[in-house]
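User: Please take a close look at one part of this model, namely the packing of its secondary-structure elements against one another. A connected account, with the criteria behind each term, would be appreciated.

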Amino acid sequence: MTKVHCMIQGYTSSKIHLSHGMKIVDAIERLGVGYHFHEEIGMFMRVLNDTPARENDMAEAALRFRLLRQHHYNAPSGTYTHELNSSELNLAKKSFWNVS
């Protein structure tokens, strides 16, 4: 468990690889062990909330939005606007409609 503590604290202090930190926090919470790391996740979420969004990837923007909302931070939906090119739009439509 101390390795996970150090990983989350590393992402909190560096602010460079916040996208990796978001994925780690998401994985920990999905595994159902987030309560073991409540303090570290809380610190990470405060840093994530205070750091301006700079995601160019729609998946990272969606993950950031969901994590912030899930942890009761104000994350307005208008903040996460991203111009979709045609391939991203087609992929989004396919995943929405479950079309292969």
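Analyst: Helices are DSSP runs of H or I with at least four residues, strands are runs of E with at least two, and both are numbered from the N terminus. The model is a predicted one, in which local features need pLDDT of at least 70 and side-chain atom pairs count only at pLDDT 80 or more, while totals for chains, interfaces and linings use all residues. Residues are numbered from 1 along each chain as its sequence is written, and side-chain values use heavy atoms, with hydrogens and water left out.

Along the sequence, the protein reads α-α-α-α-α, with 5 helices and 0 strands.

Helix H2 (residues 18-31) packs against H1 (residues 2-14): their axes come within 9 Å and cross at roughly 145°. Axes here are lines fitted to C-alpha atoms, for helices over the stretch in contact, and angles run from 0 to 180 degrees between N-to-C directions. The crossing of H1 over H2 is left-handed, meaning that the near helix is turned anticlockwise from the far one by less than a right angle. On the H1 side, Val4, Met7, Ile8 and Tyr11 meet Leu18, His20, Gly21, Ile24 and Ile28 of H2, contact being heavy atoms within 4.5 Å. These residues comprise 7 nonpolar, 2 polar and no charged. Nonpolar covers Ala, Val, Leu, Ile, Met, Phe, Trp, Tyr, Cys and Pro, charged covers Asp, Glu, Lys and Arg, and the others, Gly among them, are polar.

H2 also meets H4 (residues 58-70), with axes that come within 10 Å and cross at roughly 55°. That angle makes H2 oblique to H4; angles under 35 degrees count as roughly parallel, over 145 as roughly antiparallel, 65 to 115 as roughly perpendicular and the rest as oblique. This crossing, too, is left-handed. H2 contributes Ser19, Met22, Lys23, Val25, Asp26, Glu29 and Arg30, and H4 contributes Glu60, Leu63, Arg64, Arg66, Leu67 and Gln70. The contact of H2 with H4 holds 4 nonpolar, 2 polar and 7 charged residues.

The largest nonpolar core has 16 residues, and those with the most contacts inside it are Ile8, Met22, Ile41, Phe44, Met45, Leu48 and Leu67. Such a core is a set of buried Ala, Val, Leu, Ile, Met, Phe, Trp, Tyr and Cys residues joined through side-chain atoms within 4.5 Å, where buried means under 20% relative accessible area (1.4 Å probe, protein chains only). H1, H2, H3 (38-50) and H4 each give it two or more residues; the largest share, 5 residues, comes from H3.

Methods: Buried < 20%, exposed > 50% of the residue type's maximum accessible area, 1.4 Å probe, protein only.
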